[in-house]
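The following explanation is intended to be read alongside the sequence and the structure. Please keep both in view while working through the paragraphs.

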Amino acid sequence: MEEVDKILIHALKQVGTEVGEEVDSVKQFNSELIVEAVVRCIRVIDPGLGSTLPTSLPPGMSARFRVGMSLAQACQDIGYKGEIGYQTFLYSNEPEIRTLLMFLVEKLPRESAEASDQPSGKSVVLQRAIAATIKAQLSVPWLPPNCQLPLHSESQGPTTLHSFHAQPLHLAHCSKGAETKLLKGRPRAGCVVMEYQRHILRPVTAQPSHHVSVAASILEQHTSELSAAQEWDMEWNSQGLLSRLTPQEYHSRKLSRLHKRIEEQLRSAAQPCPESAFGGPRSTSDLLELLQAFRGPTPADHILTKGTHFTHTQKFTFTQVSTSLQEVETISTPLPTGRQLEGDIQLRQQEELSSLQKQFQQLCNDINDITAEIKHRTVTNAQVLDELKQRQVGNSEKEEKVQVKKKAIDLLPEADNNLEKLQALVEASAKRVVNLASQWEKHRAPLIEEHRRLKEICSNKDLESSQKLSEIKSLHDKIRVSTEEAKRKEEMYKQLVTELESLPQDVSRSAYTQRILEIVSNIKKQKEEITKILSDTKELQKEINSLTGKLDRTFAVTDELVFKDAKKDESVRKSYKYLAALHENCNQLIQTIEDTGTILREIRDLEEQIEAENGNKTVANLERILDDYKAIRQENSVLAAKVREG
Amino acid sequence: MELSESVQRGLQSLADPSSFDHSGFSVLVDVSFRSLLSSHSDPGVLDQPELKQIDQILLKQSHAAATTFILEAVKQNADKSTISSCLEELTLSAERIDVFYSAYQKHKKELERLLASIGRRPPVITDVSWRLQYHMKSAQVDKVNEPFYLISLNTEKDGAPEDINFTCTVEQLQDLVGKLKDAAKSMEKASQM
């Protein structure tokens, strides 16, 4: 029983009942404790029902009685089947209370246990860790900054902080594939890059200009790489796979597409510039140079030829400017030789400056004129070239016509003859055409057939490939899903492990389980014994039955035999009488033994009952009832007196 | 722990006994930790006699990978199981993982401090002084008769002292005290998750 009591007390403590340390069995529970325990249990089981119940007994007797009644009612509402009333709480007896408490504890919801079982996610673990850290930091006593040891500095003291400042890092790449590709594409450049990476590139921790930004830079680099990889993955899964290209092809195609778009944008931005001011051509030419640079790997095409116009003008202006600059220099060099008054020098300089500016302006104008002229000339040139081409085409056409006519004139003198010849020729060629057509038909049919077949195969393959593509896609999805699941499960596992570690190490739990197992084994053993005893009893009963049967039969037979002889012989008659007496006496004896047995059993029952009654503290309870009764009467009389007074 | 491809490659080459022998590995791990924690950048950090025979590009790559891995691990507060499973996936031998983990444990606190030093922090209050003054009258009002507090918070930010001065009425001061108490209470609440 004490084991049960321990479990009960443990459960009650968890519910919130304040069970004293010295109380270790239900026997020691007093009325207050019982009421509190029951109310707490009811509150947990059914908050609506329990909230109206007080956790402690009021001082007034009638109020106590009422509390007892309502408690009993609540217990019955919850579903307690046993006998219950106010007396259960006020005049407790151990077994009743135990059964009631056991019922209530069993009824306690297991929610709290389930709630902790539920996976609460990564964030909860993090929050818990944060909470633990805050707790640890709160538990550290505050020290004035002057008294702080370096040990505390991370939690309290102001350490010097640096803002998150990341710088791009250059990583050495030495994957074999990239290397060979580099070497294949531009052997010189590859070598140079390798040399640079081998000898000049600093290790990543030495690259940032400030050492404090090392960590930030490295983290930033890694995160950007990760996100780029993720983005590529996403894109590849959503679009790349459908395009049915290899990753490299997809890459290059996207690259060229982007190039084209940028180029278009830049070109559209560069268009209006030539008409604008003097600075126009130069900026557009810069842009066009940029465009050319963009083209980079791809061979030069029409855009370059289009750009030449500007580049030419640019070259032209540059040469002009440089020559004029040379002029300026040649003019300005003699200046310092003639050392005169400063004002003079300034004046002269100004004059010269203005003249030079004028010259410059003129040159600029000239350049503009010349560029316009060049434009004009190129346009006219193109026009002339076009015209020339057209003329040439017309010429050749006319020549052909002339030749045909010449032939016809040649044929005229022998018209009939030639006509026949021509007809024969026409017929022959018509025949040949028919012949050729039939041949063509012959060839065509199988070719068309083959074409159809190939087409079919092609469509089949298309279908297959699209099927495979969808399969691949679904596989990708599956892979992703399962990796996610695996990750989630791993996290959950980790979290559960941490939770398990953080859980209070309930020693009693394992003890209980062990105990329960022991009890179960004990019960098994007892059951076996009981069955053994039962079978023994059964056997005994059988034996007894058979023995009585045998006895009866033997007696009947003996009785008959002796009775037969008894008529003849006196002594036998006597013996018959004895026999009858013996039988009767024996029967009586058996009866008595049986009676004794039943009486013994009854005695045992009665003793048990007496013990139970003794356990119920009947006398004490009766006394208490009497006291309470007196108290109630007193209360009543007081109330009556008050009423009377009132 | 997610690692980018370059980091994975670098760590894999670090796992390869043909490119890094045992002493080379431990020296590189040591160097990686040291290069992160040293107060000044040292371009010659990889010039160790044990690392001389290794290809410099490979060495730089592995060094970058190792430093990245270390920082990521500290950032995520990785425990032993995470680190070892992560490194096992990259085919590092158990012995090398042990070498790495012991170095990691040795330097973890410092690295945490290093990462914690990135960021901003409001100034820290080191001392408070106050004065109760009485406002009697002003140019506009003849009778004001109101006490008010002159409060000076001595704060420190990045080691530089900085004072915050303000005046407040009794109610405002009570409000401030209430807010502070609230803050303390919510801290406590946050610690009891």
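How many helices and strands does the secondary structure of chain B contain? The model, which is predicted, gives chain B six helices and three strands. Read from the N terminus, the elements of chain B follow the order α-α-α-α-α-β-β-β-α. Chain B has 193 residues, and 22% of them are buried. When one considers the contacts in chain B between residues at least 6 apart in sequence, 58% join residues at least 24 apart.

We now turn to the packing of helices within chain B. Two packed helices are described by the angle between their axes and the distance between the axes. For H3(B) and H5(B), the angle is about 75° and the axes are 10 Å apart. Angles of 65 to 115 degrees count as roughly perpendicular, and H3(B) and H5(B) are therefore roughly perpendicular to each other. On the side of H3(B), the residues that meet the other helix are B:Ile70, B:Ala73, B:Val74 and B:Lys75. Their counterparts in H5(B) are B:Tyr104, B:Lys108, B:Leu111, B:Glu112 and B:Leu115. By class, this contact of H3(B) with H5(B) comprises six nonpolar and three charged residues, with no polar ones.

Another helix of chain B, H4(B), spans residues 80-89. Which residues of H4(B) are buried? They are B:Ile83, B:Cys86 and B:Leu87. These three cover an arc of only 95° around the axis, so they lie on the same side of H4(B). Among the elements that cover the buried residues of H4(B) are helix H3 (56-75) and helix H5 (94-116) of chain B. After H4(B) comes B:Thr91, which has a positive phi, near 65°.

The axes of helix H2 (residues 31-45) and helix H4 (residues 61-78) of chain A come within 11 Å and cross at roughly 40°. Because of that angle, H2(A) is oblique to H4(A). The crossing of H2(A) and H4(A) is left-handed. H2(A) contributes A:Val35, A:Val38, A:Ile42 and A:Ile45 to the contact, while H4(A) contributes A:Val67, A:Leu71, A:Ala74 and A:Ile78. The contact of H2(A) with H4(A) has eight nonpolar residues, and neither polar nor charged residues take part.

Where is A:Ala166 placed? A:Ala166 is in the loop between H8 and helix H9 (176-185) of chain A. Is A:Ala166 buried or partly exposed? A residue is buried if 20 or more other C-beta atoms lie within 10 Å of its own; A:Ala166 has 18 within 10 Å and is therefore partly exposed. Although A:Ala166 and A:Ser217 are 51 residues apart in sequence, their C-alpha atoms are 4.1 Å apart in space. Leaving aside residues up to four places away in sequence, A:Ala166 touches A:Ser213, A:Ala216, A:Ser217 and A:Glu220.

Finally, consider how the two chains meet. In this arrangement, 38 residues of chain A are in contact with 48 residues of chain B. On the side of chain A that touches chain B, the elements giving two or more residues are helix H8 (121-139), helix H10 (187-200) and helix H11 (214-240). The largest share, nine residues, comes from H11(A). By class, the residues on this side of chain A are 22 nonpolar, ten polar and six charged.

Methods
Residues are numbered from 1 along each chain as its sequence is written. Chains are lettered from A and ligands numbered from 1 in the order in which they are written. This is a predicted model: local features need pLDDT of at least 70, side-chain atom pairs count only at pLDDT 80 or more; totals for chains, interfaces and linings use all residues. A residue is buried if 20 or more other C-beta atoms lie within 10 Å of its own, exposed if 12 or fewer, and partly exposed in between; C-beta atoms are placed from the backbone. Helices (H or I, at least four residues) and strands (E, at least two) are DSSP runs, numbered from the N terminus. The arc is that of the directions from the helix axis to the C-beta atoms. Two residues are in contact if their C-beta atoms, placed from the backbone, lie within 7 Å. Axes are lines fitted to C-alpha atoms, for helices over the stretch in contact, and angles run from 0 to 180 degrees between N-to-C directions. Angles under 35 degrees count as roughly parallel, over 145 as roughly antiparallel, 65 to 115 as roughly perpendicular and the rest as oblique. A crossing is left-handed if the near helix is turned anticlockwise from the far one by less than a right angle, and right-handed if clockwise. Ala, Val, Leu, Ile, Met, Phe, Trp, Tyr, Cys and Pro count as nonpolar, Asp, Glu, Lys and Arg as charged, and the others, Gly among them, as polar.
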